[in-house]
Amino acid sequence: MLTFIGKRLFQSLFVLFGLSLLIFFIARVMPGDPARAALGFLATENQVEQLREEMHLNDPFPVQYYYWLRNLLHGDLGRSSYTHRPVTMDLVQYIPATFELILFATLISAVVGQVTGVLAGFFRNSWFDGLSRLVSYLGIATPSFVVAIFLLFIFSQVLKLAPGVGRLPIMMTPPPTITGFMTLDSLLAGRPDLALTALKHMVLPAISLAVIHIAQEGRITRTSIVENMQKDYITVHKVHGIRTPRLLFKYLLKPSIIPTVTVMGLDFAFLMSNAFLVEIVYMWPGFSRYAVTAMLNKDLNAIVAVVLVIGLTFAMVNLLVDIIIMGLDPTVRLRRGGG
Amino acid sequence: MRTKAVLLSLAALLFVGLFAVGEAENVAVINGYPVITSDPATASDWYDTEAMYNLYSPLVYPSPEGGVRPHLATSWEAVGGDYTHWRFTLRQGVKFHSGYELTAEDVAFSMTRFITMARGNSGPLGQVTAVVVDRYTVDFLLDKPSAIFPDTLALFFPVEKNLVLANIKTPGNYGEYGDYGEDWLATHDAGTGPYMMTSHIPGQRLDAVRFIDYFEGWSDEGWGEDEVPIERLIFIMETDYTTLMTLMRSGTLDLEINGGWTLPQLEQIEADPNLGLASVWAQNVTVWMNTKLSPTDDEHFRKAILYAFDYEGIVGPWEAFGNGETGILLPNMPGYVPIEPQPRAQNLERARQELALSKYADNLSDVKVLFHFCGGLDFEEDVGLQLQADMAQLGVTVEVAGPPWPEYSAECSSPESTPNMTIFLFAPQAAPTHDYYTYSMFAPGGLGWIFEAHWYFDDPEIIQLLDATRAEPDPAARLALYEEVQPLIADHALAFYPYEKPTLFAHQAYIVGPSETIVFVGPSENMHMWRINLELKEALRGG
């Protein structure tokens, strides 16, 4: 197992290096002048030229990349030309907010999606199956930001059942930042009330993000359950009179959720970069919004950094998914020499 | 007995209930665009400027009349006759938020820092050397004469020297001064303004509290009986107006100073008795015509565009919210001169006459005009599509495209790469405002780039007059020069101005202000000029 993880981590390094090279050059050939963007409207041409020199923008691409890589090896991702701060400082601020939100969204989609999928598959062609199919199609077809605006309007503004925007109420002072996870930091500060408030604030944006994934994962699980129910070993278990709950949980569920786990992993990494519309609607100060702002402002260092973070997330989540699947499926474990 | 107990309990509950309703909280939640840096030397965008006027005080303050008035400096004079040497006398007793008094040392240090860092709004100042004369007098030596130098200091906000020096990071780009305190000042303040920063998360949120010892004081004169100074400010920085509308209507948001509302939203706000709209400054919707590119290189062709455009059609329902005629200057600026076409309406007959005089008259079907707008800005696209429809009536093809901002702004770096027509929204963000809309946009030494994407600098009379505006020390005589130069510029049809677009600040009924309307981004957003009616807030929101 350790050899497998080590090998995958080593491969990931190459992937990230290639990714950095690619995005570094793409970011630089994109139209626009990052020095001008950094200095604002009233800067003179001399000031813009001076900053171009400071940022090595007049040097050839390979030289620029050398400077960037050298600084990266010293833990320096450069300075954001938009926020005027070190990019690492920005990432430390924004990543936990999005990470906390998408963890919650993934949890919701995993639980609701799997339960719906299992029940729909197990009671195939029942009214529940039909209803879940209809709701799933609706969920897949509706963009997250539309769900976000709808939920915000209904549950926050009209029914006033859930808080509206932000990670905490605007008037509330956040706990000292330790992990960047509002719920966890509140607990660490001895403020369970604040943690509960933070959790409530996550409900609507997390559901907005989760809806499409609930639908997808529900459908995949259902298909998998239906497929596995037709396999011989299930028929044999049925013939032997094994009760339904035991059949479901012991023999059917485990192999049926393998495809869903793979999709969940990809969904998680996907959300890291695609949560920005929901983050905008809910005023969520997250990484995804930061990434889009960096793109729109041609913030070169930030663009490269966010792409690397997204790449790293994909690599790590895929590794985690592989490990989970090895745990769920003995045939994979044997194939990869996991023992 | 039982009834008595129940009644007593009810009375107790009522008593508790009555007194449980707390007083309305004296706080204003304000939305603006992201304040990225609160360092006066690097602040550049107008949103930064809005924060500057609350946390810091400029040396001179923009006035409603268009010039500047004493603020941190009580008076100033040009030493010698060539306007390269200016002496400023400072107000005594001005306190920084730390409690220390502002002196000439702080002002000189701040100017040196501003010029050395060469960021933010320092560009228009040129090279300036600051010399301390005495505790309350400072000299500024310029590299070139400027009669309007005092006006350009409306965006110069002195910082507390010792506090900044105590927070520099070394090594940095500025030798012994390390980073000149840039990192620290991005999230802290060292100012004398009416509000003191308590926290700042760049691009997200800025919190500030009232500075009791603010040098202008907190007089109640001119305010209503229940209108009190706002104690605490929370600036949030959101861009989704659906969410902002929700916050506004729920009472979570008190004031919105970016003004990006859609028409239906404005109608909702106007219809809501608990909300109000304030108009302080407007933006000039400007469509440059590139004079170095065919077919807009022909003056008659450009004039045909001016007359062909349907001004009334584009303003339409927005007229109720103040969108209307504008010109080289904004109509509410002193010295505004209306320009052609007058009356402000489409005149296709006149457009045809101009077109017939142009060198493209015989091959109009081969002519193509490229109109670019900033991708994503619907109102800019609407202008392009309106023009497309109008010019089609004359047999001229207009192609409308909206590249994203980085590409769009980069196009305007040279006459060769600038499309025939480019549209921008110019807010009065550089001091002095008249100079910004004239010299900066039409003189060869102006701001260039998107500010001069007409690329026309061929009329010596205009250049001479614009130079004269910067050499004229008398504000009244300078205003006369601005009035004189506008028709001359307009005569070349370098741009057309579809309409002015007011920036409408939506606010709760209990937020009152501003006490002065200053046509400049920032000074009227100084919350010293706003108040809160806590009685009304309590009545509307219940505390």
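User: Where does A493(B) sit in chain B?
Analyst: In this predicted model, A493(B) falls in the loop that runs from helix 17 (475-491) to strand 17 (495-496) of chain B.

User: What is the phi of A493(B)?
Analyst: The phi of A493(B) is positive, about 50°, although the residue is not a glycine. As background, most residues other than glycine have a negative phi.

User: And is A493(B) buried or exposed?
Analyst: A493(B) is buried, because 25 other C-beta atoms lie within 10 Å and the cut-off for a buried residue is 20 or more.

User: Moving to chain A, what is the phi of H56(A)?
Analyst: The phi of H56(A) is near 60°, which is a positive value in a residue other than glycine.

User: Where is H56(A)?
Analyst: H56(A) belongs to the loop between helix 3 (45-54) and helix 4 (61-73) of chain A.

User: How many other C-beta atoms are within 10 Å of H56(A)?
Analyst: There are 14 within 10 Å, so H56(A) counts as partly exposed. That class lies between the exposed limit of 12 or fewer and the buried limit of 20 or more.

User: New topic: which residues does a cis peptide bond join in chain B?
Analyst: One such bond joins Q342(B) and P343(B), with omega about -5°. A cis peptide bond also joins A431(B) and P432(B), where omega is about -10°. In general, most peptide bonds are trans.

User: Where are P343(B) and P432(B)?
Analyst: P343(B) is in the loop between helix 10 (311-315) and helix 11 (348-357) of chain B. P432(B) is in the loop between strand 16 (421-426) and helix 14 (433-437) of chain B.

User: Back to chain A: how many helices and strands does chain A have?
Analyst: Chain A has 16 helices and 0 strands. Of its 339 residues, 41% count as buried. The C-alpha atoms of chain A fill a box of roughly 85 × 55 × 40 Å along the principal axes.

User: What share of the contacts in chain A join residues at least 24 apart?
Analyst: The share is 72%, taken among contacts between residues at least 6 apart in sequence.

User: How many residues of chain A are in contact with chain B?
Analyst: In chain A, 32 residues are in contact with 36 residues of chain B. On the chain A side, the elements giving two or more residues are helix 2 (34-39), helix 3, helix 7 (144-158) and helix 13 (276-281).

User: Which helix gives the largest share of that side?
Analyst: Helix 7 of chain A does, with 4 residues. By class, the side of chain A that touches chain B has 18 nonpolar, 10 polar and 4 charged residues.

Methods
Residues are numbered from 1 along each chain as its sequence is written. Chains are lettered from A and ligands numbered from 1 in the order in which they are written. This is a predicted model: local features need pLDDT of at least 70, side-chain atom pairs count only at pLDDT 80 or more; totals for chains, interfaces and linings use all residues. Two residues are in contact if their C-beta atoms, placed from the backbone, lie within 7 Å. Ala, Val, Leu, Ile, Met, Phe, Trp, Tyr, Cys and Pro count as nonpolar, Asp, Glu, Lys and Arg as charged, and the others, Gly among them, as polar.
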